[in-house]
Amino acid sequence: MDSVYLVVVVGAVAAGFVQGLSGFGFGLVAMSFWAWALEPRLAATLAVFGALVGQVLAAVTVRRGFNLKQLAPFVLGGLAGIPLGVAVLPHLDMDWFKAMLGGFLILWCPAMLLARNIPKITAGGRAADGAVGFSGGVLAGIGGFSGTLPTLWCTLRGYEKDKQRAIIQNFNLSMLAVTMGTYLATGIVTRDMLPLFAIVAPAMLVPTLLGAKLYIGISEARFRQIVLGLLTLSGVALLAASLPRLIERLA
């Protein structure tokens, strides 16, 4: 059992730093550690809890404005998507989910990272933003991955780093708060999980604040590289955690 606690702490430290630096990614990074040692539903619940704690810290330490007109389509779409994600979670094959999400990230993100000029998407307007928010809401309900697709979308929109941070930070905070409330209301959170909650919160505190401090000094280009690089590494970790299990099951 001690080894489980160690994995939880290491995952929380790494994920907290990444979230503080980039404004998203707690669930992706934490799951790349926790998927090896924790039951899928427990790992997903801890990921949502840790990501929510990180977003609350970020809201206090990295304030980058609040534009309701820009944020509203993402949040409204996300709120519509959360119930679907929560409903799917108990029935979801997490190995296949992680393999598909990881595969998408390692194919798409390096291509964006290596491109000299990322094509800027201006079409779709608020409807497209809402659709991306819906996908983020579904992923939030599944396990705290709310920021993954909206972050990629904001990058494709060509938003500068503070504007992107403001959208993703406020979107994630909204989605994760609602998701955590839904987990509590539906009984997904149990008493047995509370000791692990008490480990995750303090373990991620200093790394999250350190990451947030580093964010302030990085350039636009470096921020884009960090975001896409972290998403790529997260995809590799998700595949590393899921493919061996899928191969064993299919053998």
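Predicted model: local features only at pLDDT ≥ 70, side-chain atom pairs only at ≥ 80, totals over all residues.

Me: Start with H1 and H2. At what angle do they pack, and how far apart are the axes?

Reply: H1 covers residues 2-22 and H2 covers residues 26-34. They pack at about 155°, and their axes are 8 Å apart.

Me: So parallel or antiparallel?

Reply: Roughly antiparallel, because the angle is over 145 degrees.

Me: Which residues make that contact?

Reply: From H1: Val7, Val8, Val10, Gly11, Ala12, Ala14, Ala15, Gly16, Val18 and Gln19. From H2: Phe26, Val29, Ala30, Phe33 and Trp34.

Me: How do they divide into nonpolar, polar and charged?

Reply: Twelve are nonpolar and three are polar.

Me: Why is H2 described as largely enclosed by the rest of the structure?

Reply: Because eight of its nine residues are buried. Those in H2 are Phe26, Gly27, Leu28, Val29, Ala30, Met31, Ser32 and Trp34.

Me: Other pair now. What angle and axis distance for H8 and H9?

Reply: About 170°, with the axes 14 Å apart. H8 is residues 161-186, and H9 is residues 194-216. The two are therefore roughly antiparallel to each other.

Me: Which hand is that crossing?

Reply: H8 and H9 cross in a left-handed way.

Me: What meets what there?

Reply: In H8, Lys161, Asp162, Arg165 and Met180. They meet Phe197, Tyr215 and Ile216 in H9. By class, the contact of H8 with H9 has four nonpolar residues, three charged and no polar.

Me: What does Leu231 touch, skipping residues up to four places away in sequence?

Reply: Phe24, Leu28, Leu105, Cys109, Thr148 and Leu152.

Me: Back to H3. Is alanine 47 buried or exposed?

Reply: Buried, because its relative accessibility is 0%, and the cut-off is under 20%. Alanine 47 is found in helix H3.

Me: What is alanine 47 in contact with, leaving aside neighbours within four places?

Reply: Phe26, Gly27, Met31, Trp34 and Gly143. Among these, Phe26, Gly27, Met31 and Trp34 are buried residues of H2.

Me: How far is alanine 47 from phenylalanine 197?

Reply: Their C-alpha atoms are separated by 9.9 Å. Along the chain they are 150 residues apart.

Me: And threonine 45, buried or exposed?

Reply: Threonine 45 is buried, with a relative accessible area of 0%. Threonine 45 lies in H3. Leaving aside neighbours within four places in sequence, it is in contact with Tyr183, Ile188, Val189, Met193 and Phe197. Phe197 is also one of the H9 residues that meet H8.

Me: Last one. Where does leucine 243 lie?

Reply: In helix H10, residues 220-250. Leucine 243 counts as partly exposed, because its relative accessibility is 37%.

Me: How far apart are leucine 243 and tryptophan 96?

Reply: 8.4 Å in space, C-alpha to C-alpha, and 147 residues in sequence.

Terms used:
Residues numbered from 1 in each chain as written. Heavy atoms only, no water. Axes fitted to C-alpha atoms, helices over the stretch in contact; angles between N-to-C directions. Helix = DSSP H or I, 4+ residues; strand = E, 2+ residues; numbered from the N terminus. Parallel < 35°, antiparallel > 145°, perpendicular 65-115°, else oblique. Contact = heavy atoms within 4.5 Å. Nonpolar A, V, L, I, M, F, W, Y, C, P; charged D, E, K, R; others polar. Buried < 20%, exposed > 50% of the residue type's maximum accessible area, 1.4 Å probe, protein only. Left-handed = near helix turned anticlockwise from the far one by under 90°.
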